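I opened my notebook and went through a protein model piece by piece. These are my entries, in the order I made them.

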Amino acid sequence: MSTPLILGYGNNIMGSGVTITPNQEDPDFPASNLLLDQRQLIWRTLDVAAQREIAIDLGAAQRFSNTMAVAFDVNCRSTGGGIPSLVAYTDATYTVVLVNLGGATAYNFTDPAATTHALNRFAYWTIPAGAATTARYWKFISNGAVAIDAFLSVGKFFMGQGLTLAKNYRYGITYTYVDPTVKRRVPGGSMNVNRLPPYWQVRCDIPRLSRSDSNALRTVVDTVGRAQPLVAIWDYDNDVARKTLYGRLDSNIGFQHVRGDLFDHGPILFEEDI
């Protein structure tokens, strides 16, 4: 558990007045899908002949501090690395750069299995409090000119508040791969299968948080409840334990006062949205 749990909440991309404009899209997989809540509804390009990008207009200037941005299910595999960038601009012309969050090295572009599949990749950027940015106009940029696949695609965007707790979750975290597919054997003996999309469930407890971290976690819980989307990143430095999921809390969370300024929290049950 080399990296503490990271939580993201309050997705600006889901706000009213947000528009997303690509410089290319497959009409069967339009960029407007990224405004929806289902990750399976993706944006996809028709080719990889040139730089492909998505312009994001948040509808109003937003201040980003202690903020995280995540692009889920990113397929931009290329022989050169295929690292996407996230850039803020001063106005709707998208010509003058306000801040460039760059690609892999500083902002943790993570690729668990680039040579074998294109799913479950995510690009993760952070905007710390010391580099607060107020911006309305953003671009997600990927240069796919030497891409392995015949298209570029993204399943979901998230830009919202980020919280990294000082202490990690307790040992014993469980990851459950849930396959809700329904199987029923018909009278003739053959199997009737209704295949449904699988998803992840994660359960953990977080012990001995300070009062400030406890209050911060309670703010997240108060904000999202069990209805609003949440990003949870478990150990992005660990190839085995790494899970970066978009979903919702699926449990009530208990807060137990241990002593002084220490609090225990749990169980936290998280269920992935697909």
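Entry 1: The model is a predicted one, with local features needing pLDDT of at least 70, side-chain atom pairs counting only at pLDDT 80 or more, and totals for chains, interfaces and linings using all residues. Residues are numbered from 1 along each chain as its sequence is written, and side-chain values use heavy atoms, with hydrogens and water left out.

Strands are DSSP runs of E with at least two residues, helices are runs of H or I with at least four, and both are numbered from the N terminus. I noted that β1 (residues 6–9) pairs with β11 (residues 156–164) in the antiparallel sense over four bridges; two strands pair if DSSP finds at least two bridges between them. β1 also pairs with β16 (residues 230–234), again antiparallel and over four bridges. There, Tyr9 has Leu230 as its bridge partner.

I then checked whether the faces of β1 are covered. Both are: Ile6 and Gly8 on one side are buried, and so are Leu7 and Tyr9 on the other. Buried means under 20% relative accessible area, exposed over 50%, and partly exposed in between (1.4 Å probe, protein chains only).

**Entry 2: aromatic rings.** I read that a pair of aromatic rings is described by the distance of the centres and the angle of the planes. Rings of Phe, Tyr and Trp (its six-membered ring) pair if their centres lie within 6.5 Å; planes under 30 degrees apart count as stacked, over 60 as edge-to-face and the rest as tilted.

I found five aromatic pairs in the structure. Phe64 and Trp138 make an edge-to-face pair, at 5.2 Å centre to centre with 80° between the planes. Phe64 is in β4 (residues 51–64) and Trp138 in β9 (residues 133–143), so this pair links parts of the chain 74 residues apart. Both Phe64 and Trp138 are buried.

The ring centres of Tyr177 and Trp200 are 5.2 Å apart and their planes are at 65°, so this pair is edge-to-face. Tyr177 belongs to β12 (residues 174–178) and Trp200 to β15 (residues 199–210), 23 residues apart. Tyr177 is exposed, at 52% relative accessible area, while Trp200 is partly exposed at 24%.

I also noted one aromatic cluster, formed by Tyr89, Tyr94 and Tyr137. The charged end of Lys139 sits over the ring of Tyr89, 5.8 Å from its centre. The test is that NZ of Lys or CZ of Arg is within 6 Å of the ring centre and within 35 degrees of the ring normal.

**Entry 3: a helix.** Which residues of α2 are buried? I listed Asp213, Ser214, Leu217, Val220, Val221 and Val224. They cover an arc of only 120° around the axis, so they are on the same side of α2; the arc is that of the directions from the helix axis to the C-beta atoms. The face turned away from this buried side carries the exposed residues Ser212 and Asp222. Gly225 follows α2 and has a positive phi, near 55°.

**Entry 4: the core.** The largest nonpolar core has 25 residues, and among those that touch the most other members are Ile56, Trp125 and Trp138. Such a core is a set of buried Ala, Val, Leu, Ile, Met, Phe, Trp, Tyr and Cys residues joined through side-chain atoms within 4.5 Å. β4 gives the largest share, four residues.
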